[in-house]
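Trainee: I've got a model open and I'd like to go through its side-chain packing. Can you walk me through the terms as we go?

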Amino acid sequence: MAAKESFWSRVLTGLVFVPLIWIAGFFVFIFAVLSGAGLFYIWTIISICAVLSVMLVLGLGQWLRRKVYWSCMAGVLLIIAAVIFGYEMNRLYHDSIPQVAESEVDLAAYEPFVRGSKAVVLNETPTLRIEDELPIMDGATALYPLYSAFAMAVYPEKEYDHLRSEVRSTKTSQAYDSLISGEADLIFAAEPSERQRGDALAAGVQLKLTPIGQEAFVFFTHADNPVSGITMEQIQDIYAGDLTNWEELGGKPAPIKAFQRPEGSGSQSALQRIMKGRSLAAAPRDDVPAGMGGMIQRTADYRNYPNALGFTFLYYATEMVGNGDIKLLSIDGVYPSRETIANGAYPLSSPFYAITAGTSNPHVESLINWIRSEQGQKLVAETGYTPLAVP
């Protein structure tokens, strides 16, 4: 009878404490999600609840001798602690790797008419002045210093916040959205992606692209990487997932960590054009906090691992970021420079544009004509881009 009562008491204990473990785990899970904990900790919480439940059942069932049971419990706890420690050490290493991201650039430093602005000043009287009905300009992060200089030359002096004014920068993707919806009169960006062209077509507007300068699309890696150049074919193979190790390029044996940019960004659209229809392999991803403390996955910003490969535009890499720990790669034997862009030797040089979509603003056409004039092209060159050939 006593044995029977002991059995049922153990069953009752299990029926009480196993649910309590999962209820406690549920509240810890909710707290972890709301506090923005990564997927690792969310799965760790679930695993701990499962392990504790199994160990409780094993203990109540008396299937293991007491000494063996507690040795197993101690071993499980040590394994969990070791896994968490290893994860945190890896995360600290990851966070210590220098990052090359648009968030690094303080665009406020390039705002027009701000004391000490990094935007170039036109040191002569402009042949165009716009005093009213200012065209709303938007565009790519890397081009903001340039069209800020345009505004400083021809717009009236006042405050122009780079997020909420007639001269703003919301990045390429959102700038195209603003142009197509009519919120911006003209934007400065690289050639639109197929999706952006489709969005314009669906909205019933026609994108007009006017070239105003030239720029190089560049690939870069860690400064200590022995590889100094790649070919166009190798770029395609890397980003298609067919070429995966630096050893195949004459470097050290290490997997190529090929970063990408978010869909719709100017540099990602440029990569897609290079691929010529080949599908892109999956890009490195980051778990990041979302609204209400949840987690989402997004394309990871470039981190300068010894085996990393990234891409951007020349001005952004050399002038706006200026990270001495990265090096630009030659493409098909040609190094990206202002000279090789101007003479057409660098294979990944292309125009960038002033883009409109049927604006009714009366000053846009004259502004674009001025940008293409000798004065406008002088600002293109002095900012650090390659100007158009001026007759």
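Mentor: Start with Lys257, whose charged end sits over the ring of Tyr305, 5.3 Å from the ring centre. Bear in mind that this is a predicted model, where local features need pLDDT of at least 70, side-chain atom pairs count only at pLDDT 80 or more, and totals for chains, interfaces and linings use all residues. Residues are numbered from 1 along each chain as its sequence is written, and side-chain values use heavy atoms, with hydrogens and water left out.

Trainee: Why is the pair of Tyr239 and Phe311 called edge-to-face?

Mentor: Their centres are 5.8 Å apart and their planes are at 70°, so edge-to-face it is; planes over 60 degrees apart get that name, under 30 are stacked, and the rest are tilted. Tyr239 is in helix α7 and Phe311 in strand β10, so the pair ties together parts 72 residues apart in sequence. Helices (H or I, at least four residues) and strands (E, at least two) are DSSP runs, numbered from the N terminus.

Trainee: Are Tyr239 and Phe311 buried or exposed?

Mentor: Both are buried, meaning under 20% relative accessible area, with exposed over 50% and partly exposed in between (1.4 Å probe, protein chains only).

Terms used
Rings of Phe, Tyr and Trp (its six-membered ring) pair if their centres lie within 6.5 Å; planes under 30 degrees apart count as stacked, over 60 as edge-to-face and the rest as tilted. A charge sits over a ring if NZ of Lys or CZ of Arg is within 6 Å of the ring centre and within 35 degrees of the ring normal.
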